[in-house]
Amino acid sequence: MYTNKYVLSKGGSEVSVSLYHTPPEAAAVLIEEIAALKAERNAVILAHNYEYGEIQDLADYVGDSLGMAQYAARSEAPVLVVCGVHFMAETSAILSPEKIVLIPDPEAGCSLAASINADQLRAWKAEHPGAVVVSYVNTTAEVKAESDYCCTSGNAERVIRAIPEDKTILFLPDMFLGSYLRQQTGRNIEIWAGECHVHAAIRPAMVERQRAALPGADFLIHPECGCVSSTMHYLATGALKPEGTHILSTEGMIRHAAASPAQQFVVATEIGVLHRMRKANPTKEFVPIDESISCKYMKMITLEKVRNSLRDLTHRVTVEPTLAARARTAIERMVAL
């Protein structure tokens, strides 16, 4: 696996981080083929922040799942290649049913989306009649169709605050984001016990270790992380200084890094986002909370698979029209907020 390297500020040890997959010589050939096929198909390529660096570099749009879906809906291109995980391609197919939506690897799933299905949600709703269902965008189309609202980590708090205060809210499926929202808003929120395998692996000990190693760095922590509840507790008790500690969505992290006068950042989310941060801020240093924080599903998308997807128009993602219409309501409410 082709990697780039960075040097930790303290100790000088060199650490490999897999932000690239394909060796440069092979990548150059594949990128040329992709460019020709993209022009032939009149296609656009959408990439999530957690994809390999070479996938981000050739994409027409790089961002979070909401931004990808919004860009796809605005685009006039008849073919969309979604470099992300399966629910992201589904969301684009729901919002752009007239377009050919492709995912380069149909096995690129999501552990968080897999933590609840429509039958489980219907049973949970039956236990809480009258509750408002807010589903994180990391869910299947079937779950979205059973939901009142969708949200991203960037607008989740805004969605929660838009719901009447006398309503019980069922939040799913991420328990760490749900706990964070309940603490932030004080609302009556029931939380589904799901988690992202990547963010759940980010533990308080990692934060403490990097705090000790890089005391002057800004700490950017995703609200899905397993360290969020403890981080909020440490902030409230004064055990962790609030200065330089920021709980932010992926896009929030990127905006903060650009605007902040800080020169060093520790990033507690999937390592792929470091590529975009470094490109946008070449004079600043970005260090992962731990080099192991990598999503195996996001990293299933490679240049060769993107080339094959465009060449063969595989693998197409569609959503049954009645189901899509129901899911679209929750997604459009999210977009409106």
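The model is predicted: local features need pLDDT of at least 70, side-chain atom pairs count only at pLDDT 80 or more, and totals for chains, interfaces and linings use all residues. Residues are numbered from 1 along each chain as its sequence is written, and side-chain values use heavy atoms, with hydrogens and water left out. Helices (H or I, at least four residues) and strands (E, at least two) are DSSP runs numbered from the N terminus.

**Nonpolar cores**

- A nonpolar core is a set of buried Ala, Val, Leu, Ile, Met, Phe, Trp, Tyr and Cys residues joined through side-chain atoms within 4.5 Å.
- Buried means under 20% relative accessible area, exposed over 50%, and partly exposed in between (1.4 Å probe, protein chains only).
- The largest nonpolar core has 103 residues, and Ile45, Val134 and Ile289 touch the most other members.
- Helix H15 (residues 321–336) gives this core its largest share, six residues.
- Another core, of nine residues, lies apart from it and includes Ile116, Leu121, Trp124 and Ala131.
- In soluble globular proteins, nonpolar side chains tend to be buried together.
- Contact means heavy atoms within 4.5 Å.
- Leaving aside neighbours within four places in sequence, isoleucine 289 is in contact with Ile202, Met206, Val207, Arg209, Gln210, Phe219, Val266, Val267 and Ala268.

**Helix pairs**

- Axes are lines fitted to C-alpha atoms, for helices over the stretch in contact, and angles run from 0 to 180 degrees between N-to-C directions.
- Angles under 35 degrees count as roughly parallel, over 145 as roughly antiparallel, 65 to 115 as roughly perpendicular and the rest as oblique.
- Helix H1 (residues 24–41) and helix H14 (residues 303–312) have axes that come within 9 Å and cross at roughly 25 degrees, so H1 and H14 are roughly parallel to each other.
- On the H1 side this contact uses Ala27, Leu30, Ile31, Glu33, Ile34, Leu37, Lys38 and Arg41, and on the H14 side Leu303, Glu304, Val306, Arg307, Leu310, Arg311 and Asp312.
- Eight residues of the contact of H1 with H14 are nonpolar, none is polar and seven are charged.
- In these counts Ala, Val, Leu, Ile, Met, Phe, Trp, Tyr, Cys and Pro are nonpolar, Asp, Glu, Lys and Arg are charged, and the others, Gly among them, are polar.
- The axes of helix H4 (residues 86–95) and H15 also come within 9 Å, but they cross at roughly 100 degrees, so H4 and H15 are roughly perpendicular to each other.
- Thr91, Ile94 and Leu95 of H4 meet Ala324, Ala327, Arg328 and Ile331 of H15.
- The residues of the contact of H4 with H15 are five nonpolar, one polar and one charged.

- Threonine 269 sits in the loop between strand E13 (264–268) and helix H13 (273–280), and counts as buried at 1% relative accessibility.
- Not counting residues up to four places away in sequence, threonine 269 touches Tyr50, His199, Ile202, His222, Met253 and Ile293.
- Cysteine 295, in the loop between strand E14 (285–288) and H14, counts as buried at 10% relative accessibility.
- Cysteine 295 and histidine 197 are 98 residues apart in sequence, and their C-alpha atoms are 8.0 Å apart in space.
- Beyond residues up to four places away in sequence, cysteine 295 touches His197, Val198 and Glu270.
- Serine 260 lies in the loop between helix H12 (250–259) and E13, and counts as buried at 10% relative accessibility.
- Within H13 the buried residues are Val273, Leu274, His275 and Met277.
- Their cover includes helix H2 (53–58), strand E11 (218–221), H12, E13 and E14.

**Backbone geometry**

- Leucine 172 and proline 173 are joined by a cis peptide bond with omega about -5 degrees; proline 173 lies in the loop between strand E9 (169–172) and helix H8 (175–185).
- The peptide bond from threonine 314 to histidine 315 is cis, with omega near -5 degrees, and histidine 315 is in the loop between H14 and H15.
- Leucine 313 lies in the loop between H14 and H15, has a positive phi of about 55 degrees although it is not a glycine, and counts as partly exposed at 29% relative accessibility.
- Asparagine 42, also not a glycine, has a positive phi of about 55 degrees.
- Asparagine 42 is placed in the loop between H1 and strand E3 (43–48) and counts as partly exposed at 47% relative accessibility.
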